[in-house]
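Student: I have a structure to look through and I'm new to it. Can you walk me through some charged pairs and a few other features?

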Amino acid sequence: MSTGRLLRTLSCMDEDNVTGGRSQGLVLQPAWDYLHQNHHDLLRSPLFPVVLSVTTYFLLVGLYTTLDLLAPTWPCINRYRLHPDRPVTWPNIWTTLGVTIYNHLLYIFPAAVGQWLWRPPVPLPREAPTLCSFFLGILGCMVVFDFQYYLWHLLHHRVPWLYRTFHAVHHQYNQPFSLVTQYMSGWELFSVGFWATIDPILLQCHCVTTWGFMVFNIYISTEDHCGYDFPWAMHNLVPFGLWGGAPKHDAHHRRPSTNFAPFFCHWDWLGGTDTVPTEPDEMKGRKN
């Protein structure tokens, strides 16, 4: 092969590689360009992640609470509840909602104002993440967060002082519903939020990946506490029993020495803390 022909071949190979990388990035790039051009100042604001997280949480809680209120008279909803004979009552809703709003006003709102006052705006990259880096980044954050929370959760159950002082409030309900997700002490809210914030930074994720992980983390936390076993729930989509989901977290609230991990099941398997939800609790809501 002549030198000129060899150079033309290598040039074509390089062009193909660049084009392939660009085509992968172009999947998210148009949406990112639109956001960059039209909402640049909003996205750079230190308040944006807080607003995104709080909005996502209350939208999900509002949806599940509506289902809770409809379930007693709508069999098509009630059949998916883990405890169809124990409806969520208005006193339960007001109590958990009150603690949630209290925590947001006392902890989240001041922290958000502090960030807005003292933290500089976040620089936004011009390029969007590729689909591969987006999903791998979220998966990486999930794996790290899963390990952190498993150890934190296990420690707060095994050390009586930690349980009584910080974690016991979350276990006042042994049949959780969506508003129990953030029915917790300020310390627990702060520590869990800290890991969810710091893990994407440690893994050097793109800001879009960071926001994706934050939304997904809130969604899974709410789903774990929702009290429903829908066919589209994550534990029914992830194969081989690798995902915990609402049935296992419901079992944790009834048997607090089991099922500590928030996402996957491997740490509970390795630590001997895994338990399978019993047939009556998990399945009787589906039986007519």
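Tutor: Start with a term: a salt bridge is a side-chain nitrogen of Lys or Arg within 4 Å of a carboxyl oxygen of Asp or Glu. The model is predicted, so local features need pLDDT of at least 70 and side-chain atom pairs count only at pLDDT 80 or more, while totals for chains, interfaces and linings use all residues. Residues are numbered from 1 along each chain as its sequence is written, and side-chain values use heavy atoms, with hydrogens and water left out.

Student: How many salt bridges does a search of the whole structure find?

Tutor: Two. In one of them, K248 meets D274, with N to O at 2.5 Å. This pair links distant parts of the chain, 26 residues apart: K248 is in helix α12 (residues 245–254), and D274 is in the loop between α13 (266–271) and α14 (279–283). Helices here are DSSP runs of H or I with at least four residues, and strands are runs of E with at least two, numbered from the N terminus.

Student: Is K248 buried or exposed?

Tutor: K248 counts as buried, because its relative accessibility is 12%. D274, at 26%, counts as partly exposed. Buried means under 20% relative accessible area, exposed means over 50%, and partly exposed is in between (1.4 Å probe, protein chains only).

Student: And which residue forms a salt bridge with R254?

Tutor: D250, with the closest N and O atoms 3.0 Å apart. R254 and D250 are four residues apart in helix α12, so about one helical turn separates them. R254 is partly exposed at 22% relative accessibility, whereas D250 is buried at 2%.

Student: Changing topic: how many disulfides are there?

Tutor: The search of the whole structure finds zero. A disulfide is a pair of cysteine sulfur atoms within 2.5 Å.

Student: Which cysteine sulfur is closest to that of C141?

Tutor: The one in C205, at 3.8 Å, which is too far for a bond. C141 itself is buried, at 1% relative accessibility.

Student: Where does UniProt place the feature "transmembrane region"?

Tutor: The unreviewed UniProt entry puts it at residues 47–71, 92–113 and 133–152. UniProt positions are given in the numbering used here, feature names are shortened, and annotations may be inferred rather than shown by experiment.

Student: What is the chain like over residues 47–71?

Tutor: Residues 47–71 are 92% helix and 0% strand, with the end C-alpha atoms 36 Å apart. Over residues 92–113, the chain is 100% helix and 0% strand, and the end C-alpha atoms are 30 Å apart.
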